[in-house]
Structures are given as C-alpha cells and as structure tokens.
Amino acid sequence: QVQLVESGGGLVQPGGSLRLSCAASGSIRSIYVMAWYRQAPGNQREMVAILTNAGSTDYADSVKGRFTISRDNAKNTWYLQMNSLKPEDTAVYYCNGVVSQGFINGAYWGQGTQVTVSS
C-alpha cells in the first residue's frame with residue numbers, strides 16, 4: 001500500500017509564504033505524476049499544480065507566478081512553495097500522486113492540510 005502525508009499548512013497573513021510537503025511511503029517503484037489540489041468550503045476540489053516525472057508542470061491560472069511545485073525523487077517527496085498568498089487561497093490542500101508499485105499503478109491522496117490566509 002502507498003501512503004501520502006502532507007505537512008506545512010497553517011495560518012499566514014496576506015502576502016506571506018508557506019511551503020507544503022507531501023511524503024510518499026510504501027512499496028513505490030516510481031511516481032508518474034505529483035500534484036496538489038485544493039478545496040475551499042462550498043467549492044469543488046480544483047487542481048493547483050501538477051509535475052510529471054518527465055519534468056512537465058502545469059498550474060491553475062489563479063496561482064501562476066506565485067506557486068511553484070518541485071520534487072525530491074530520492075525522498076519520494078514533493079513540495080508546493082506558495083508566495084504572495086491571498087485570502088482566496090484559503091482552502092484544504094491535498095496532495096495526489098500517480099504511483100507505480102511495479103505490478104499495479106494507482107492514484108493516491110493525502111489527508112489534507114489546512115491553509116488559511118487572513119490578517
């Protein structure tokens with residue numbers, strides 16, 4: 001089985017920064033896609049950033065230029081650096097990974113971490 005554990009959420013003032021981490025553990029051969037999603041109260045879960053194992057990235061228009069997704073392959077960990085945070089970035093952030101265990105591939109979710117942007 002594969003587990004994803006997020007960390008790094010919290011309360012930050014507008015204009016501030018936070019760095020989220022997602023650590024994958026278990027029987028992992030490779031991670032094809034590493035991603036971050038978020039869900040604000042009353043809204044659907046939305047994609048924030050995606051990073052493929054080929055190095056391609058994609059971002060939601062609302063975070064382009066402010067957020068950066070990166071990875072540490074040796075640690076099976078990926079990050080979301082969030083700068084110039086706005087109140088509308090407030091949400092529960094979830095990491096998502098498409099993981100190969102060799103004999104099977106699957107998509108896994110973390111438990112979520114709250115990010116609150118408020119003065």
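Buried means under 20% relative accessible area, exposed means over 50%, and partly exposed lies in between (1.4 Å probe, protein chains only). This report uses that rule on a predicted model, in which local features need pLDDT of at least 70, side-chain atom pairs count only at pLDDT 80 or more, and totals for chains, interfaces and linings use all residues. Residues are numbered from 1 along each chain as its sequence is written, and side-chain values use heavy atoms, with hydrogens and water left out.

**The disulfide**

A disulfide is a pair of cysteine sulfur atoms within 2.5 Å. By this rule the count is one disulfide. C22 is joined to C95, with an S to S distance of 2.1 Å. The link is right-handed, with 55° about the S-S bond. It ties together distant parts of the chain: C22 sits in strand β3 and C95 in strand β9, 73 residues apart. Strands (E, at least two residues) are DSSP runs, numbered from the N terminus.

Are these cysteines buried or exposed? C22 counts as buried because its relative accessibility is 0%. C95 counts as buried because its relative accessibility is also 0%.

| Residue | Relative accessible area | State |
|---|---|---|
| S21 | 18% | buried |
| C22 | 0% | buried |
| C95 | 0% | buried |

S21 belongs to strand β3, residues 18-26. Contact means heavy atoms within 4.5 Å. Neighbours within four places in sequence aside, S21 is in contact with V5, E6, S7, W36, W78 and Y79.

**The open sheet**

Strands of a sheet pair through backbone hydrogen bonds, either parallel or antiparallel. Here, two strands pair if DSSP finds at least two bridges between them. Four strands form an open sheet in the order β1-β3-β8-β7, with antiparallel pairing. Its edge strands are β1 (2-7) and β7 (67-72), each pairing on one side only. From one strand to the next, the twist averages 15°. Axes for such angles are lines fitted to C-alpha atoms, and angles run from 0 to 180 degrees between N-to-C directions.

Six bridges pair β7 with β8 (residues 77-82) in the antiparallel sense. I69 has L80 in β8 as its bridge partner.

**The β9-β10 hairpin**

β9 (residues 91-100) and β10 run antiparallel, joined by five bridges. V98 stands opposite A107 in β10. Four residues lie between the strands of this hairpin, where G102 takes a positive phi near 95°.

In a regular strand the side chains alternate between the two faces of the sheet.
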